[in-house]
Amino acid sequence: MERDDVNGKRGVSYEDAFREITTQMVSEVALAYGKKENGEYTVEDYYALPDDQRVELIDGFFFDMEAPGFKHQQAVGEIYRQIANYIVDRGGSCLPFVSPVDVRLDCDNRTMVQPDVGIICDRDKVKRWGIFGAPDFLIEVLSPSTRMKDMLIKKGKYQRAGVREYWMVDLRQRKVLVYLFETMDEMEGPVIYGLEDRIPIMIYNGDLTVDMGVMLSWAQAEYPE
């Protein structure tokens, strides 16, 4: 493992990253919805969208979500399986979850996200419809359409909301970026692992590890369009 910056983006504040990305990403859903300016939307607007509209709401902005690809879902399912097996086998009190689950991250009406995989240890945050507040641990598997949002906007948002640990799984570059928010400052870079590594989850003090090796061959596989 190593510690490094992320595509030269170390030192970019959440506000700067959010401003840069939202000026480049115009949500088709927001344009179609048309009742407000993007940046003014609320959880009520989120729930009012048609069921076939897949979006996340972050600080009042709608961000479109494409249907995940096959490799993406392979990785999400395998990571969730390993985490859930560990917790269930030991009778753990924390709850693993896998997308799609609504997470009202800030407990306000301006943000609703759907992380790929997570662990929530405060069961009072679990509601019938999803999670109200910050989970302890989150993973996003990067996709071309969501890469910059996950790496910059969501990273900053998760850290500020109180998520303790955040992983970004980059199948394209065969790396896993691990942010230990409890022990790092806002501008610090991640610990970087390879897909061949067994990676410790530090909210479990490293006793729970995810063996990424099985995903290495999946990342290398090529599928026709």
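## Helix α4

Helix α4 comprises 20 residues and reaches 28 Å from its first C-alpha to its last, close to the 28 Å expected at 1.5 Å a residue (the expected span being 1.5 Å times one less than the number of residues). Helices here are DSSP runs of H or I with at least four residues, and strands are runs of E with at least two, numbered from the N terminus. The model is predicted: local features need pLDDT of at least 70 and side-chain atom pairs count only at pLDDT 80 or more, while totals for chains, interfaces and linings use all residues. Residues are numbered from 1 along each chain as its sequence is written, and side-chain values use heavy atoms, with hydrogens and water left out.

Among the buried residues of α4 are H72, A75, I79, I83 and I87 (buried means under 20% relative accessible area, exposed over 50% and partly exposed in between, with a 1.4 Å probe and protein chains only). Just after α4, G91 adopts a positive phi of about 60 degrees.

## Packing of α4 against α6

Helix α4 (residues 70-89) packs with helix α6 (residues 213-220) at an angle of about 175 degrees, their axes lying 10 Å apart. Axes are lines fitted to C-alpha atoms, for helices over the stretch in contact, and angles run from 0 to 180 degrees between N-to-C directions. The two helices α4 and α6 are therefore roughly antiparallel (angles over 145 degrees; under 35 is roughly parallel, 65 to 115 roughly perpendicular and the rest oblique).

On the α4 side, K71, Q74, A75, E78, I79 and Q82 meet V214, M215, W218 and A219 of α6, where contact means heavy atoms within 4.5 Å. By class, this contact has six nonpolar, two polar and two charged residues (Ala, Val, Leu, Ile, Met, Phe, Trp, Tyr, Cys and Pro count as nonpolar, Asp, Glu, Lys and Arg as charged, and the others, Gly among them, as polar).

## Helix α5

Helix α5 (residues 147-161) bends by about 40 degrees at K154, the bend being the angle between axes fitted to the seven residues ending there and the seven starting there. Helix α5 is mostly covered, with 12 of its 15 residues buried, including M151, L152, I153 and Y158. Just after α5, G162 has a positive phi of about 110 degrees.

## F181

F181 is located in the loop between β10 (175-180) and β11 (191-194). F181 is buried, at a relative accessible area of 9%. Beyond its neighbours within four places in sequence, F181 is in contact with K155, Y158, Q159, V163, R164 and Y166. The C-alpha atoms of F181 and R160 are separated by 9.2 Å, although these residues are 21 residues apart along the chain.
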